[in-house]
Structures are given as C-alpha cells and as structure tokens.
Amino acid sequence: MAEAAIELAGINKRFGAVHANRDIDLKIEAGTIHGIIGENGAGKSTLMSIIYGFYQADSGEIRVGGNSVQIQSSSDAIALGIGMVHQHFMLVHNFTVLENVILGAESAPLLGTSIARARSELERLEREYGLEVDPEAIVEELPVGLQQRVEILKALYRGADILILDEPTGVLTPSEADHLFRILRQLKDEGKTIVLITHKLREIMAVTDNVSVMRQGAMVATRKTAETAVEELAELMVGRRVLLRVEKGEAKPGGFLLSVHNLTVRDSRGVTMVDNVSFDVRAGEIVGIAGVAGNGQSELLETITGIRKAVSGSVTLDGEPVDLTGEADPADLRRRGMAHVPEDRHHMGLVLPFEEGENAMLGYHRQEKYLKGPFLDIEAIRADARDKIEKYDIRPTDCRLKTANFSGGNQQKIVLAREMEQDPKVLIVGQPTRGVDVGAIEFIHKRLIDMRDQGKAVLLVSVELDEIRSLSDRILVMFAGRIVGERGPEASEGELGLLMAGVEEKEAAE
Amino acid sequence: MSAPYAKLPAWADYGLIPLINLTVAFLVAGLVVLLVGENPFRAAAILIDGALGRGQGIAYTLYYATSFIFTGLAVAVAFHCSLFNIGGEGQAYVGGLGVALVALTFDQILPWWLTFPLAIIGAAVFGAAWAFIPAYLQAKRGSHIVITTIMFNFIAASLMIYLLVNVLKPATSQAPQTRTFLEGAHLPKLNWILEAVGLSVRSAPFNLTFLLALVAAFLVWVLIWRTKLGYEIRMRGHSPKAARYAGVSETRIIIVTMLVSGGLAGMMALNPIMGDQYRLHVDFVTGAGFVGIAVALMGRSHPAGIVPAAILFGMLYQGGAELAFEMPGISRDMIVIIQGLVIMFAGALEHMFRPSLQTLFASFSPRSVGAQPSEEGRA
C-alpha cells in the first residue's frame, strides 16, 4: 500500500438536520488519481469543501502527508499543497492568463517582479506537463477547455501537490475531456495526487486508479477501478439496481408538428448565436440536439419558445406559422400547444422562493381554472399542485413548501409535471437531467419516451451525449450556431464528438 | 453542491431579527447621546414617554405613522417587483397637488365625505403620474429607476414651489401656499377613539386617513398575495427570467407596479393636507417618503410588518420632538441621527445578525429551521 497523501477519519458535517457527511473515512494514496462518485447531494462537494477549508468538519480528523492538520481556510489548504479546480471557474474574465495566475499570490505591492516570476514558472509548468496557454491571452477570449487549464495552472503555481477537480468535464467536449485526462495522467506521472469528483461513471472508468462511492452523506465503498465495473458503481451510488439504458420501442413518426425555418439569432452584443437553422420535428419522435454548451442551443430554445427575439426566421407549429422576429409571445405559444422545460430550472423554469403550488402553474396562471376574476383561486391552485405531486411522485408532498427546499430532481419533476400535464403538441426540453440524481433521471427519461409514444413532437437539447444518444430518434449536432450534421441514434460517440468539435464541419455541411 | 441554507422560523424572521436590529440601533444611539454628555436612559425615557405617555403623544405618533404606512407600502409594492422606488417623497409631494385641486374645487359645494373619495383618487392619480415617467424610462429605455426617481424628487420640489408661488397662491397672500380649505375638505379627527379609552387629547392631527392607511395595507396584501397581478409582480421581482418565460411583459409589469407604488405614495398627502393643515404648502412631506424606505425594509415588505414599523417611526418622530424640547444637548439633528441608525440597522444591515442566528437555531432544533432530512428530500 502506497503512502497516503490525504487521510480522513470519522469526518462528520451537519447543516441543520441534514447530515451532509457522516463518519467519512477516506484514504487517498499519493501519486494516484482517485475518483469520488455519487449522486447530487451525496455529500461529495461538502467533503471536498472541508478538505479545502471552506467548511470545518463538526468532528473527525484530516491528515495530510501523515500529519494531523487543521484546515481553517483555503489559504491553509494551499499552504498544505492542496489545490482546487472549481466546477465554476474562479477567474477574472478581463484579466490575462498571467494576471489570473498571480491573483492572490502576488509577492510585492508592485506587480513587476511577480509577473516576471510567474512567467518563468508558467514556462516550466508548460514544459513539464504540456499545459500550454498563451500567458498574455485575455481569459474571456479563451475557449472553456483552456480556461480550465488556467485554473489548473493557478493551483500548480501555488505549489499544489494534491489537486482536487470538481466535475471538471461538465463544460468540455469529449475530445477536450480526453485532453484533460491526458494532462491528469501526466500530472500523476510527475508525482501529483489527483482527486476527481464526478457523477459520470465513464470518466471514473477511463482515468482513475481508485474510486470511492458516496451515498446520502456516507462513504459506501472504495474500489480499485480495475476491479470494478460501471454496473457495480451505479448500484452502489443509488443503492439499488438501475437501468442505465433507456428502454424504448420503435418511433412511429407522424406529421410535422414543429418546423423551424431559417432561424437566425443574435445576442445583445450582436454576435450571431444561431445561424440560419432549419429543421423539423414530427409527431411521435424525439429529435435531440447535441453540442457543447454555448454553441447556440440555449438561444435556439429561447427563440423557438418566444422568450428571445430572432433576427429572422419563423416556426410552423402544428401547421400554423409563427413569426419569431416580432410578437411571438411565450404565453401565446403555450396556448397553441407548445410546452417548454427550460434549461435554467433555477431562474427560468421555477421561481425558487415561491411555494411549490405557485410554481406548478407558472406560465399557465392565466388559465381560468386557477382564477376567480382577477383573484387567485388558492384552493384550486393547491388542489392542482397536489394532483401533480401525486402523479409525478414529487417529494416532499407539501405544495405550500418553498420550492427552494426541494431537491434538484424533484424541482425538475415540478417543471415536467407542469409542462406535460398541459397535454401539449410540442414539448421543448433543455437539459432535462442537469443536476438531477440518478433515480430521477430514470423517471424523467421514461416520461419523455411516454410523451413521444403519445404522439407528441419532442425536441431535446442536452450537453450529455449519453442522454441524447439513448433518447433521440434523430440527432442534430450544433456547432457555432449552426446545425453541422444529422445522425441516427446509432451514431458512435466518437463520430458525434468530432461533429460537436466542428471538425467535420465542411463535410457535414454538404 | 447545494448551498446549505437554513431557514428561520417565521416568528424569528419577522419578530426576533427586527427586534435585535432595533436594540443594537438604540444601543449605538445611546452611545451618541452619551457622547454629547446626556444620560441615554433619561433620553430613552423622555422619548418613549413623549411618544406613548399621554393621549396627546399617542395621537401624534399615529398621525405620523399614517403617512409612513402609505410611503412604506409604496416602497414595498415596488420591492416585490424588485424595483427600488426612492421617489416616494416626490410622488407624495405631487400627490398633494391632486388633493389640493380636488379640495379647492369641491370644498364649497360638497360635504367632506364626498370630497374625500375624490381627493383619494386625485392623490393616487397625481402620485401615480409622477411615478409613471421613471417607470416608463426604466421599462422602455433601461434608465435605472433609483437614479430617475431620486431626480424626480428634486423636479417635484421645484415644480411644486413654482406652482405654489405662481399659480396656487392667493393674490393677497405672501406665503407660498394655497388658501385654507373650507369645511367641505376637512377630514374628521379620530382623537375621540383615544378619548373613548380614557386618554386625553388636547388637539392633535390624528385623523380619518389613518383608517384609510389600514385599509390600504390590507388591500396591498390582497394585491400581492391573492391576485394574478400580484403573482406576476412577485414573479418578476424574484426572477425576471422566469417572468419572461411565463410570458409576463416586463414593460407592462414595471409600469403597472410603479403606478400602484406612486399612487400609494401620493395618498400620503391626504394625511397632512386634508387631515391637518387644510391647505397645500411647501415641503409638507418632510421626509416621509424616505422614511417609507426604512419602514418597508424593517417591515420586510409585508403590510403586517409595515404597519408596526410605521408606528415605530411615528414614535421616533413624536418622541424625538419631545426629546429635542426637553434636553438642550439634543437637537433636532440628533434625532435624525438616531433615526438614521435605526434605518441602518433595520435596513442596510438587516442581514448582519442573520447567519449567527441561523446557526444558533440550527444547533438548538434543526426541525424548526425547515431543514429536511436528506432521505425525504430526494426522489
């Protein structure tokens, strides 16, 4: 057994009644890549925040390099050689790479010496680990994959021997993710210890040496990656057997319910986000739009649903044309049978401080059944909400509870229940399982297939390639605002990955 | 990672936290009193006695509170739409013009109980109209409502002086004010209520508008929590993106909310003009519009919080006046400092004691903070 880089013993952390970490014992061997896997809310991030000094454990011991330590703040962690790459990058957008790297680690009030030192240090890191980034580049102009590299450089520059990465691949293309894994292996070969937090089983299998599984705040198992399998890990994560594949029958596509014609959308800065996009969705099929986040999918969804104005283009909704450049209004589109499960559940799909019942009618609140004249019919609203809670197995079952108190999976079910219960013709779905636990994912996928089988036209946008591949009957790939290819569900991940990276762009456009 | 967020039980949220804030504000205010060489305990005693000790004081306290309820409600309604209406001062001032025009027109021909409803409409319409321009600029042009409403306070002040001096002043008068209204525009006093419970009131301006303020508070509650419009206002207030998603027109909701807010601020003018002075004069608002901000903050934008908060500020006004009279070392400006401290602790520093209180509650009884055991909260 190799020497431990970090050892945790009996770590407990409570937030009120929530026992986020219970009696965690964990040993991370030096010079290995150690995966930590678990559903959302299993306590992974809390545990890492304890190691990085954001929280203090209620009880338990942390040993770094064999010595018992107190980590009161992130500067303590840095001093102990622990670095963290956050899921949401902590970079100053309008600073250069160099400025970001020295931020908080400046050695003197005048920046000259710090910058010179950082420059030579960056060159060394680049040589040793193949972490190439132009030090003078402005961070916001870099692609996401490179921004992440800046985060890694920041940690290494501060002398990190132990690197914690929190869900690092969420924003990366498959090829960028592969590149990241190569870098991680290289860092390992140089003697660094890496802790990789993820909910993606595939990544664990691809890159880690050991894997620990967390469930409901407890560490339920640690395995050598080579001696375990995806099925076992999934079962450990959820606590029961899970279907990783979605069961679905043949699609029976009917008439065109949704056609998008020559849609072009620009953002507020005038950058073209959606570039002359046309496609159809027929009754009884799921059309998936694959792509790396930020390639125009969000804008596409928001424009089709009337939230954002198009520069040009229209949709035909069940035979009726709607001009998207003018007064296309979400309320009107809803009346015509378009339902929308938005990507951004927290700010768009739900109003988190609202009672659950108030969210169960969001967007449909003009319907007579919820109103008595200008007044809300509170009883009817709550009865309707209770009905949906039961049908969609939403927990907790109290419709007067604030929506913020529901878990991610249950919040998503609130949105799905609302949109699906309207019996729409067309269902537009963005990132249906983002931040949703495995158990709820299964449920949501099944519901989407049900909608398809009931003859709805379903348009699905997701950055999870697995999800697109297992649900869609046809896959459109979006890159830089354009549809760069259409494939069947049997298309390989590699093929789609290349399209998503824009590699086959010319070929696909033909 | 979901942020660990412990909620406080309602009674702590709406009762305990304001109380703690208030106590701290008074402690600091006590230090200030000590600094000028007076006894803070005596000062506190004079202040409280001045505000509540006699029927006369109570009547004045409630008279001031009436104005603050209106301006507090005005700020609160806008808050629910996440608009910061700093323009209550100006809207109330212009609302006074509406009251005066109605009163000057009808006081000779109508009894007060017919003039009153017309004056309410006049106050609300003029206040709303003054709020409309900043609202329109915010909704259509994106001009920040904080800036525009502040500016409109100054414009209102200048406009009213111009109108009073050049248009509304009787030719024979030297003072920038309208003629005194006749009986038909005098609101009945409510001092008899206090006398009925055995308090003596010599003469105080406590009048019918107080009841109107309570009705307005109830109606605001209905509007915000029981109507479709209120639902849309809160939706846009919590999340403009969700409002767009739900098809709620941002332009419409901003303008409508500000009209309601401005209307409420305008109705404040009824209290001093028809209830006390019986004429429109320069600077009758005397800061009530700004106090409304503190009242709304302290009352957590809920009518049930705003009414007591308004009464508290009424006490500070009335008791403060007594204090300035009784203690030579404490001037009127000292009272403003004390009020400022209350505003600072109740409003700006509202969240200062919250985290530690949450930790305290969480450690005593996890259930009371609304935390769900993890099993229940998952699918």
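1. Start with helix H3 (55-80) of chain B. H3(B) is mostly covered, with 24 of its 26 residues buried; buried here means that 20 or more other C-beta atoms lie within 10 Å of a residue's own, while 12 or fewer makes it exposed, anything in between is partly exposed, and C-beta atoms are placed from the backbone. From first C-alpha to last, H3(B) reaches 36 Å, close to the 38 Å expected at 1.5 Å a residue; the expected span is 1.5 Å times one less than the number of residues. Helices (H or I, at least four residues) and strands (E, at least two) are DSSP runs, numbered from the N terminus.

2. Bear in mind that this is a predicted model, in which local features need pLDDT of at least 70, side-chain atom pairs count only at pLDDT 80 or more, and totals for chains, interfaces and linings use all residues. Residues are numbered from 1 along each chain as its sequence is written, and chains are lettered from A and ligands numbered from 1 in the order in which they are written.

3. Next, helix H2 (residues 40-53) of chain B. Its 14 residues should span 20 Å at 1.5 Å a residue, and the end C-alpha atoms are 18 Å apart, which agrees. B:Ala43, B:Ile46, B:Leu47, B:Gly50 and B:Ala51 are the buried residues to look at in H2(B). Seen down the axis, the buried residues of H2(B) fall within an arc of 115 degrees, so they line one face of the helix; the arc is that of the directions from the helix axis to the C-beta atoms. As a reminder, an α-helix has 3.6 residues a turn, so residues three or four places apart point the same way.

4. What do the buried residues of H2(B) pack against? They pack against helix H1 (10-35), H3 and helix H14 (303-326) of chain B, where a contact means that the C-beta atoms of two residues, placed from the backbone, lie within 7 Å.

5. Now B:Ser82 and B:Ser239. Just after H3(B), B:Ser82 takes a positive phi of about 50 degrees. B:Ser239 is found in the loop between helix H9 (228-238) and helix H10 (240-245) of chain B. These two serines are 157 residues apart along the chain, yet their C-alpha atoms are separated by 9.0 Å. B:Ser239 is buried, with 24 other C-beta atoms within 10 Å.

6. Chain B overall: 16 helices and 0 strands. A compact globule of 379 residues would have a radius of gyration near 21 Å, and chain B has 22 Å, which agrees; the radius is taken over C-alpha atoms, and the globule rule is 2.2 Å times the number of residues to the power 0.38. Along the principal axes, the C-alpha atoms fill a box of roughly 80 × 55 × 40 Å. Buried residues make up 50% of chain B. Among its contacts between residues at least 6 apart in sequence, 77% join residues at least 24 apart.

7. Over in chain A, 6 strands form an open sheet in the order S6-S7-S8-S3-S9-S10, with mixed pairing; two strands pair if DSSP finds at least two bridges between them. Strands S6 (82-85) and S10 (218-224) stand at the edges, each with a single partner strand, so one side of each is left without a neighbour in the sheet. Neighbouring strands are turned by 20 degrees against each other on average, direction ignored.

8. S6(A) and strand S7 (residues 162-166) of chain A run parallel, joined by 4 bridges, and A:Met84 stands opposite A:Ile164. Helix H5 (residues 144-157) of chain A lies across S6 and S7, at about 170 degrees to S6(A); axes are lines fitted to C-alpha atoms, for helices over the stretch in contact, and angles run from 0 to 180 degrees between N-to-C directions.

9. Chain A has another open sheet to check, with 4 strands in the order S2-S1-S4-S5 and antiparallel pairing. Its edge strands are S2 (18-29) and S5 (67-69), each pairing on one side only. The twist averages 25 degrees from one strand to the next.

10. Last, a hairpin: S11(A) and S12(A) have 5 residues between them, and A:Gly270 in the turn has a positive phi of about 90 degrees. The two strands pair in the antiparallel sense over 7 bridges.
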